[in-house]
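Have the structure open while you read.

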Amino acid sequence: MQSVFRQPSASTCPSDIEGRSVHDLFLSRLPAQSQDRRDIERFLTVLRRRLTTTAVGGNLHSMLADAGDRLPLIAFKLFAGQRGYTHNWPFAWAVEHQIDALGLTDTFRRRAADGAGVDWEEIVIDPEFYLESLYRVAADLLPNHFSTPGAVESTVNAVVNSGIDDTRLIDRLRRWCEARDGS
């Protein structure tokens, strides 16, 4: 399955898959004569008004770096890809997500691209080549968290050693959703 994320617009449901609203797709799977259909339609209408949704999809098999990759890591890689983070998952987990949560993503990407002398899209594809620029900009942008680019590197290395487990991923995604919903 290819990524099917669509940004919400004023004229669409908060999340579409291949041009159809997620709500319509869900309802199409319910029998028309279902006794619960009316309640479900009402709940979906409430959700549409109150929540922002994002569909994240992709080819799970292609996300495996090796057979030992666990599902939380693969799920985070899909999320990171949807958010436009670098393909360096430890850096994306330890640093980019935090920068994103602080609303500094555009500044970070612009400064990293300027420092590396390339477009952000090039950094996304080959982040290891641009780590010095990424670490330097992260340390400059988050001085309360990182005293030097070496501190950024230490944080990224700690993530490599600890990995991502399901509880941490779910908590992080829950907080991301709450922030988007303004909760």
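Predicted model: local features only at pLDDT ≥ 70, side-chain atom pairs only at ≥ 80, totals over all residues.

On the lining of the largest cavity, α6 is the top contributor, giving three residues. Two elements, α5 and α6 (105-116), each supply two or more of the lining residues.

Which residues line the largest cavity? They're Y85, E96, I99, T105, F108 and R109. By type, that lining splits into three nonpolar residues, one polar and two charged.

## How much space is there?

The largest cavity holds about 30 Å³ of space. Searching the whole structure for cavities of 30 Å³ or more turns up one.

## Where α5 meets α9

Helix α5 also takes part in a helix pair. Helix α5 (residues 89-101) and helix α9 (residues 149-162) have axes that come within 9 Å, crossing at roughly 120°. The two helices are therefore oblique to each other, since an angle counts as roughly perpendicular from 65 to 115 degrees and as roughly antiparallel over 145. As for handedness, α5 passes α9 in a right-handed crossing.

On the α5 side, the contact is made by W89, P90, F91, W93, A94 and V95. Across from them, α9 brings V152, T155, V156, V159 and V160. Sorted by type, the residues of this contact come out as ten nonpolar, one polar and no charged.

Note on methods
Residues numbered from 1 in each chain as written. Heavy atoms only, no water. Axes fitted to C-alpha atoms, helices over the stretch in contact; angles between N-to-C directions. Helix = DSSP H or I, 4+ residues; strand = E, 2+ residues; numbered from the N terminus. Parallel < 35°, antiparallel > 145°, perpendicular 65-115°, else oblique. Left-handed = near helix turned anticlockwise from the far one by under 90°. Contact = heavy atoms within 4.5 Å. Nonpolar A, V, L, I, M, F, W, Y, C, P; charged D, E, K, R; others polar. 1 Å grid on protein atoms, 1.4 Å probe; cavity = no way out; pocket = protein on both sides within 12 Å on 5 of 7 lines; lining within 4 Å. Points joined across faces, edges and corners; volume = space filled by probe spheres on them.
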